[in-house]
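This briefing covers selected strands and their surroundings.

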Amino acid sequence: MALGVVAALYAVLSWLTLPPPLPSLASVRGAFRPSEAWLYDRHGALIDSERVDFAARRLAWVPLDAVSADARAAIVGAEDRRFADHGGVDWWALGGSIRDRVTGARVRGASTISMQVAAFVAPDLARPGARGWRDKVRQMRAAWALERAWGKDAILEAYLNLAGFRGEAQGVGAAALGLFGKTPGALTRDDGVLLAALLPAPGADAAAVARRACAIAGEGDCARFRSGAASMLGPARSLRLDPGLAPHLSVRLLKAPGAKVTTTLDAGVQRMAMAALTRQLKGLGGSRARDGAVVVADTVTGEVLAYVGGVGGASTASAVDGASAYRQAGSTLKPFLFAQAIERGYLTPASILDDSPVQLDTASGLYVPQNYDRAFKGPVSARVALAGSLNVPAVRTLLLTGVEAFRDRLWDTGYRGLTEDGQYYGYSLALGSAEVTLMEQVAAYRSLARGGQWQKLRLTKGEAAEEPRAVTTPAAAWIVADMIADANARAATFGTDSALRLPFWAAVKTGTSKAMRDNWCIGFTDRYVVGVWVGNLEGDPMRAVSGTSGAAPVWRDVMLALHRDRPGRAPPMPTGVEARPVRFAAGLEQPRRDYFLAGTGMSEVALAPATARRPRITSPVSGSVYALDPDIPVDRQRLVIGVSGEVTGHRLMLDRRDLGSADGRPLVLAGPGAHRLALVAPGGRVVDQVLFTMR
């Protein structure tokens, strides 16, 4: 009977103290999720990391042999000095704890490393309030089970990875990095002692940690532990081991905890691009321009080799990714406009465009484009107009292609910021009023380098390449590339020795947005496409930064570094292009060898005589509104009438009042109100008329 009662009591106690099922070490490792994700370059080198999970700070699982032996010994000696000898429960420590409780002395902990690991992997054992005898026996039984199933090394490895050391830092990897700026394998014995001193009270202050470390070490002179604890817990400690080369790209690509993303970047090219941008921004000074970005892509493969979204410094918006931020394009869209006009046969590089004042009537009023230097160069060839980034000839070219057609061409070329129709942008689209990103710019210019074939750039290794699509013809793309590679053609605007001139073939275009908020330089060779943006991410204008003093020096430095082993080479001329010597009448431009679509070549270029032009009124433009100034004498506020073409014998009529001969350029004093100005041929036929208003 007594035996039955004992057996029943034993069965009840065994059931009451039964520990929960324990996972295997492999399943614990598999369920371990770092709070970080890591970014690698194309060669497998770590270039950056990003914290993704903010519940706790955990790095990758650290194998036992990756933790220094000195640190392991210090932690085990402090937490469970008989760990190697007991089977999961330290009976000597347990007996001492019971004795202290009975005698009223300060109770020492008796939990072994094995018991703590059991609580880590089976949270039910460590639930709040689990301090009774039953809970303690369950932990002891779980520790015995772990010892049988796992073994000492596995238990110690799990303990070092699951223990909380300080604040949110869980595991020896996060503790070594966050507290010492080291890898676990680089920890010294003193580092291990300080970590061990944190374990009983992770929130203790530096003085308390130093006192406990001194006791653990058993040494008389503890000055080094006081300074070590202060340094470990101070604000100046290092918080990262990675090089921090691509923080903006890390935010863009690293989304899942524990992810390891291999990019197409080259760490060497990334460092070089960052150094070039940093050097330029320091030279400009924060009062002139604070921000910048650089993207480098392989011309052949479309893989991005450098992605610099910013370099900090004087930036007031350093977290913003300048490589993917939408900014006004400025003159960087002009090559695609000229390519469209050349492709359709509207222009050749030798065609003459008039760089003179023009006023265009739009739905929102008059649009009066100006050149960057506020000067006009008169008749110029399309080659000089594009290479020299002249604005008025670009607007005249847009009149040939049409705004809507050009907007659609830009959309096809990957500029996804153009979400409105052509009418929304108007004629200013020729001058880059649309918003674009640096990544879009580099992809678009790569299409010129690839014979008009556009393809999305690739950022991650192994990413499938999209099928390229044709956005312009190979012949038009090649001709435009030759135009923006022509240092002589751009000399009148940029000088003969600007930052755009390299000792090898390179096609390049700069751009500056309205109010000097953005400065671009995008260019390519047969090997690389390099795009640079400099400006202020908060949108305030730059000060004393010109088209070639902002982004261009960075572009030059990067291009020279990339081509130090082999210079860039001009692409071979495709079929459908013919070369001819061209002479310009009246010394308009120097004779040269130029290129044309097959069948559009010319050997001599001259201005059309006046007799070949349609008689028309050039000023005022229809729809103009003029305001009379009461502070200026009325007779000094006369309006100059401008006409063009052969107007011999024609007369001007203002509201049916004869103003005289059209070629006399009369000065008109018109009173307030709406007016009609007509150009009348000798036979009385009205050949042109405009409406304007005086207020």
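In this predicted model, strand 6 (residues 291–298) and strand 18 (residues 528–535) are antiparallel partners, joined by eight bridges. Strand 6 also pairs with strand 7 (residues 304–308), again in the antiparallel sense, over four bridges.

**Pairing of strand 6**
- On the strand 18 side, Asp 298 stands opposite Tyr 528.
- On the strand 7 side, Ala 297 stands opposite Val 304.
- Strand 6 and strand 7 form a hairpin with five residues between the strands.
- In this hairpin, Gly 302 has a positive phi near 80°.

**Burial of strand 6**
- Strand 6 is largely enclosed by the rest of the structure, because eight of its eight residues are buried, that is, under 20% relative accessible area.
- One side of the strand carries Asp 291, Ala 293, Val 295 and Ala 297, all buried.

- Three strands in the order 20-19-21 make an open sheet with mixed pairing.
- Strand 20 (592–597) and strand 21 (604–605) are the edge strands, each pairing on one side only.
- Strand 19 (residues 577–584) runs antiparallel to strand 20, and six bridges join the two.
- Pro 581 has Arg 593 in strand 20 as its bridge partner.
- Helix 20 (residues 474–484) lies across strand 19 and strand 20, and runs at about 155° to strand 20.

Methods: Residues are numbered from 1 along each chain as its sequence is written. This is a predicted model: local features need pLDDT of at least 70, side-chain atom pairs count only at pLDDT 80 or more; totals for chains, interfaces and linings use all residues. Side-chain values use heavy atoms; hydrogens and water are left out. Two strands pair if DSSP finds at least two bridges between them. Contact means heavy atoms within 4.5 Å. Axes are lines fitted to C-alpha atoms, for helices over the stretch in contact, and angles run from 0 to 180 degrees between N-to-C directions. Buried means under 20% relative accessible area, exposed over 50%, partly exposed in between (1.4 Å probe, protein chains only).
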